[in-house]
Amino acid sequence: MLRNKTQWIIILFVVVAAFFRLVPHIPNVTPITAMALFSGVYFSNRKLAFIVPLSAMFLSDLFLGLTTISIFVYLGFVLVGMIGMITRKMNLKSILLSSILFFLITNFGVWLLSYPKSISGIIECYTLAIPFFRNALIGDLFFAGVMYYGYEFVSKRIVKTA
């Protein structure tokens, strides 16, 4: 199934990104969105594009704790992976689209679980989430850049030596 060195490199990048969720960080500055987008873009095997990052995410969540909002986080994660599969690019446009989609889905879950089911409730929920979106966007841009350029650097070196 995994005879290809490239697939192993991609798995390693996803596992390392998931590990970064466990180290102290600024709230919401995490590799979640970048990890999903990266997997969708680079895994040629669609099953692996979902299984590997979801497994890495779940393992890190065993340490961080699963919450009622986790289902929305995982849904956003899967949809971001699909963006990667469709665009086949990690660029500013795909990163911003992924960040916005993840923000909308996860905060919709927060609204459903914690706010009055009204227009004012949803407006309040999304308004209060804006500072977290700023941090998430910083993390998404940073980690997407590290994963993209890191992968390009490493894969060229590995392929040359193969």
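A helix here is a DSSP run of H or I at least four residues long, numbered from the N terminus. The figures below show a predicted model.

**Figure 1. Asn107 in helix α5.** Asn107 has its place in helix α5, which covers residues 92-114. Is Asn107 buried or exposed? Its relative accessible area is 11%, and buried means under 20%, so Asn107 counts as buried. Leaving aside neighbours within four places in sequence, Asn107 is in contact with Cys125, Tyr126 and Ala129.

**Figure 2. Helix α5 along its length.** The 23 residues of α5 reach 32 Å from the first C-alpha to the last. This is close to the 33 Å expected at 1.5 Å a residue. The buried residues of α5 include Ile95, Phe102, Phe103, Ile105, Asn107 and Trp111. Ile100 is also found in α5, but Ile100 is partly exposed, with a relative accessible area of 41%. Ile100 and Gly139 are 39 residues apart along the chain, and their C-alpha atoms are separated by 13 Å.

**Figure 3. Helix α4 and the helices it packs against.** Helix α4 runs over residues 70-87 and has 18 residues. From first C-alpha to last, α4 reaches 26 Å, close to the 26 Å expected at 1.5 Å a residue. Among the buried residues of α4 are Phe72, Val73, Tyr74, Phe77, Val80, Ile83 and Met85. Which helices do the buried residues of α4 pack against? They pack against α2 (32-42), α3 (46-64) and α5.

Figure 4. Arg88 is found in the loop between α4 and α5. Its position is just after α4. Most residues other than glycine have a negative phi. Arg88 is not a glycine, yet has a positive phi of about 55°. At 40% relative accessibility, Arg88 counts as partly exposed.

**Figure 5. Asn135 and the residues in contact with it.** Asn135 lies in helix α6, which covers residues 119-161. With a relative accessible area of 12%, Asn135 is buried. Which residues is Asn135 in contact with, leaving aside its neighbours within four places in sequence? They are Ile26, Pro27, Asn28 and Val29.

**Figure 6. Asn28 in the loop between α1 and α2.** Helix α1 spans 5-19, and Asn28 has its place in the loop between α1 and α2. The phi of Asn28 is near 70°, a positive value in a residue other than glycine. Asn28 counts as partly exposed, at 35% relative accessibility. Asn28 is one of the residues in contact with Asn135.

**Figure 7. The whole chain, for orientation.** The chain has 6 helices and 0 strands. Its radius of gyration is 16 Å, close to the 15 Å that the globule rule gives for 162 residues, so the chain is as compact as a globular protein of that length. Along the principal axes, the C-alpha atoms fill a box of roughly 60 × 30 × 30 Å. Of the 162 residues, 45% count as buried. Of the contacts with a separation of 6 or more, 73% come from residues 24 or more positions apart. The accessible surface of the chain comes to about 9,200 Å², and 74% of this surface belongs to carbon and sulfur atoms. The chain has 13 positive and 4 negative side chains, with the centres of the two sets 15 Å apart.

Conventions:
Residues are numbered from 1 along each chain as its sequence is written. This is a predicted model: local features need pLDDT of at least 70, side-chain atom pairs count only at pLDDT 80 or more; totals for chains, interfaces and linings use all residues. Side-chain values use heavy atoms; hydrogens and water are left out. Helices (H or I, at least four residues) and strands (E, at least two) are DSSP runs, numbered from the N terminus. The radius of gyration is taken over C-alpha atoms; the globule rule is 2.2 Å times the number of residues to the power 0.38. Buried means under 20% relative accessible area, exposed over 50%, partly exposed in between (1.4 Å probe, protein chains only). Contact means heavy atoms within 4.5 Å. Accessible areas come from the Shrake-Rupley method with a 1.4 Å probe; for residues, only the protein chains shown count as cover. Lys and Arg count as positive and Asp and Glu as negative; His and the chain ends are not counted. The place of a charge is taken as NZ of Lys, CZ of Arg, CG of Asp or CD of Glu. The expected span of a helix is 1.5 Å times one less than its number of residues.
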